[in-house]
Amino acid sequence: MRHVLSALALSLALGPAPSPAAEPGLHGFALANGLAVVVIEDHRAPAVTQMLWYRVGSADDPAGQSGMAHFLEHLMFKATGRLADGELDRIVEENGGSFEAFTATDQTAFGERIAADRLDLVMGMEADRMVNLAPSEASLRAERAVVVEQRRQVLDGTPDGAFDERLRAALYPDSPDGRSTIGSEAEIAGFSRAAAMAFYRAHYAPNTAILVVAGDVGTDAVRRMAEAHFGPIPPVPLAPRPARPEERRHPGTPPIEVRDARVPVPQLTRVYLAPARRAGDQTEAAALVVLADLLGAERVTSVMARALAGADGVALAAEASYSDLGFELYLVPKPGVDGGAAEAALDAMIARFLEDGPDPQEIERIRGRVRASEIYRLDDVASRAHRVGEALTSGLTLADVEAWPDVLAAVTVADVRAAAADVLGSGAFVTGWLLPTAPAPGGPSQ
Amino acid sequence: MIRALLLAIALGMAASNSAQAAIAIVPVTSPGGISAWLSEEHTIPILTIEASFLGGPALDAAGHEGTTALMADLLDEGAGGLDAQGFATALEDVAAGIRFAASPDDIRVSATMLSGTRDRVTELLRLALTEPRFDAEAVERLRAQTLAGIAQRDAEPQAEANLVFFAQAFPDHPYGRPTEGTAASVAAITAEDLRAAHTAALTREHLRIAVVGDITPGELGPLLDRVFGALPATGPSLPLVALPQLSGKTTVIDADTPQSVVIFGNAGIPIGDPDFIPAMLVNTVLGGGSLATRLGEEMRVKRGLTYGVNTGLASGQFGALYLGAFSSSNAHIAEAIGILRAEWRRMAGEGLSDAELAAAKRYLTGEFPLRFDGSGDIAEQLINLQLAGVDPDYVNRRSGLIEAVTAAEAARVARRLVQPAALTLVIAGRPQGIAPASALSR
């Protein structure tokens with residue numbers, strides 16, 4: 001009874017959809033050289049986040065050069081004609097700011113958070129390294145060693161890293177999506193300066209990039225600054241985006257298994273292929289967000305927690321999530337529970353859910369919660385910059401970004417049911433076991 | 001006591017400044033006479049209310065440490081007709097958050113809500129502030145958590161070094177006693193103690209409020225009266241501001257660890273003191289902030305004696321310290337302390353170079369705006385500024401005040417802040433080559 005009341009209270013509180021301003025302060029324009037610019041005006045505090053997102057990622061790694069996109073991310077902190085090695089990060093820190101950089105399958109991004117009166121300073125440096133990067137042979141060699149060490153730490157140094165890499169490869173065979181971002185050690189060790197600079201010249205340019213400025217700055221001021229700093233940089237001929245295999249359904253992929261002494265208890269991860277948000281067509285993705293919450297958000301009332309992780313269930317924990325990897329189910333069997341039995345209980349739970357469908361009141365409640373979190377996230381301007389940049393480098397448009405909260409709010413019981421049937425009923429999944437070294441009673445039975 | 005340091009460092013930051021747009025803060029007074037600082041913003045339909053009840057654990061009598069902190073932790077564990085579970089569910093149902101926490105100086109209250117749930121959430125906040133239940137189940141659950149935290153604290157050499165340092169600096173003063181209490185004092189707390197602490201600590205006399213977000217001054221006034229109006233008007237007097245008793249002695253606490261932890265410091269600069277801004281610049285150069293500092297350069301970069309060394313202006317409401325900490329292997333501790341003392345003498349004697357002063361100004365004026373990162377952070381800053389005793393527009397004048405500091409002024413304040421003869425150390429570990437004035441065994 002309480003659930004029904006609270007769902008009602010929350011929808012009353014949030015008012016009728018659509019929400020007043022799904023993305024307040026959002027503006028977009030482009031320069032003549034192809035640089036896309038997005039401004040998110042938020043004048044509550046005199047600070048800004050600048051991010052430069054490039055439409056290049058590990059999917060663009062040339063054959064035999066896995067990890068090249070990620071390596072370029074590191075090189076971007078090396079000398080340009082104007083700045084010495086490491087000078088950009090030092091200047092940002094001396095001004096009380098912070099910086100970040102990361103590489104994903106389809107994007108490489110660089111960001112600075114800094115006092116608003118110093119935006120011009122960081123924009124000038126960001127434009128400089130878009131076109132003037134000139135790392136010395138010695139610093140390039142040193143950075144190669146850094147990346148190799150990073151690979152060892154992240155992938156070989158933790159059981160999770162190795163497990164995720166194998167799961168991804170099994171889920172996306174023969175696809176750029178199945179490759180690790182960081183690359184293989186042998187190939188990283190072979191990167192030459194000529195190859196790195198060829199990659200840089202092909203992929204780092206105004207027409208491959210999206211500039212996002214979020215915070216206490218006006219759109220006109222950003223336009224003037226962007227014209228001054230990026231306007232003179234010429235575009236490059238666009239390289240074709242890497243092909244993705246059309247057919248990704250591959251039922252019957254054998255399970256993978258990683259054993260490691262550092263794993264405390266057996267853990268099951270099953271990842272289903274699942275569609276991402278698509279330009280103009282975000283309904284199924286929105287339904288999958290709601291489905292993940294319904295099935296396995298971190299709370300005792302989720303479908304999986306009730307079916308699998310209760311007093312008489314097979315699991316200590318049972319969760320679901322939806323990410324760029326796919327739709328993920330995660331299970332930690334109780335001590336003494338056979339792995340095969342735990343997996344069978346998971347399968348039975350899924351079959352029952354596909355048969356019965358979701359509880360409409362629970363869906364209403366989750367939609368309220370999702371809408372609330374969409375409002376709260378507007379409070380974090382740096383995270384707004386992240387979400388916009390990620391969307392625009394994933395083939396979505398600003399209109400998709402603005403529509404997303406309303407698409408989420410409009411998800412119906414039928415949408416969730418259809419998405420569950422499409423994804424969980426497809427048979428297109430990979431199951432992985434992360435296990436302690438000694439075969440434990442709770443491990444898989446095969 | 002580490003929290004004391006952190007709180008005060010946050011205050012130190014609050015005293016630096018911004019440059020670009022003005023941060024608009026409007027003082028609002030309710031029909032019932034309750035004041036708040038409001039930062040109004042209607043583009044996002046959320047509201048944050050932050051409040052501070054000055055005094056907090058500093059009101060605990062000797063032997064009763066931890067009573068106010070436990071009381072604060074229990075405010076959202078059942079109130080009015082709702083038990084702990086009921087209160088949590090009621091908040092979850094409206095996607096809102098209410099938190100209470102005790103610092104050495106005050107009790108902090110923080111409530112975040114969607115605009116449309118304002119009436120419901122502020123009613124829950126009123127209940128928690130005015131009608132907490134202190135149910136036996138909740139009291140025992142949180143007492144057990146607190147005792148577990150104290151046991152963990154007592155097992156950590158660094159925490160013990162902190163406690164000993166503060167006990168030396170503030171004898172017979174609440175700052176000399178642990179905010180969260182001792183195992184004995186927490187075990188002895190009764191429900192009556194908690195009710196008495198509630199009546200004493202949550203009064204309108206020592207209340208400061210900051211509100212950020214989707215509300216007008218006209219709407220805020222009646223809300224303030226509704227939430228806070230029923231609290232007692234006055235309470236017990238606050239502790240007196242104490243002058244730290246630091247004579248320059250070195251104390252060693254025996255701990256069987258390969259690394260020694262060192263807490264060091266002098267008397268600090270009180271909140272509201274005109275020397276506070278020059279002192280921030282001195283601290284930034286000597287050992288504060290995340291920049292390259294003199295201590296970092298000499299101890300870490302050049303000699304590898306430690307992974308990190310930090311200093312901060314620990315200026316609380318009832319006393320001020322200039323504090324620092326580092327750890328180093330037992331074999332290297334004497335060398336590290338020698339360098340610390342040499343840098344202390346150099347700063348007291350020379351002050352800052354022009355280049356150092358300029359770099360510190362650039363850092364402090366740039367760092368401050370990033371503290372206002374979202375509603376919760378803005379509200380927290382507005383409370384810190386009120387506690388620092390400044391007016392709302394201060395936030396927009398601070399950059400100018402920092403830029404105006406001269407090298408001569410910085411040198412004068414360096415001599416006041418950095419006192420080599422009074423530099424007091426507490427070391428936990430088995431340091432080699434150190435002759436302590438006093439030794440404690442654990």
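**Note on the predicted two-chain model**

1. Of the 446 residues of chain A, 46% count as buried, a residue being buried if 20 or more other C-beta atoms, placed from the backbone, lie within 10 Å of its own. The model is a predicted one, in which local features need pLDDT of at least 70, side-chain atom pairs count only at pLDDT 80 or more, and totals for chains, interfaces and linings use all residues. Residues are numbered from 1 along each chain as its sequence is written, while chains are lettered from A in the order in which they are written.

2. Chain A holds 16 helices and eleven strands, which are DSSP runs (H or I, at least four residues, for helices; E, at least two, for strands). The radius of gyration of chain A, taken over C-alpha atoms, is 24 Å, close to the 22 Å of the globule rule (2.2 Å times the number of residues to the power 0.38), so chain A is as compact as a globular protein of that length.

3. In chain B, six strands form an open sheet of mixed pairing, in the order E1-E2-E8-E3-E7-E6, where strands pair if DSSP finds at least two bridges between them. Strands E1 (26-29) and E6 (97-102) of chain B each have a single partner strand, so one side of each is left without a neighbour in the sheet. E6(B) runs antiparallel to E7 (residues 106-114) of chain B, with six bridges joining them.

4. Chain B averages a pLDDT (the predictor's confidence in each residue, from 0 to 100) of 92, yet pLDDT stays under 50 over residues 1-20 of chain B. Where pLDDT is low, the predicted coordinates should not be read in detail.

Note on methods. Two residues are in contact if their C-beta atoms, placed from the backbone, lie within 7 Å. A residue is buried if 20 or more other C-beta atoms lie within 10 Å of its own, exposed if 12 or fewer, and partly exposed in between; C-beta atoms are placed from the backbone.
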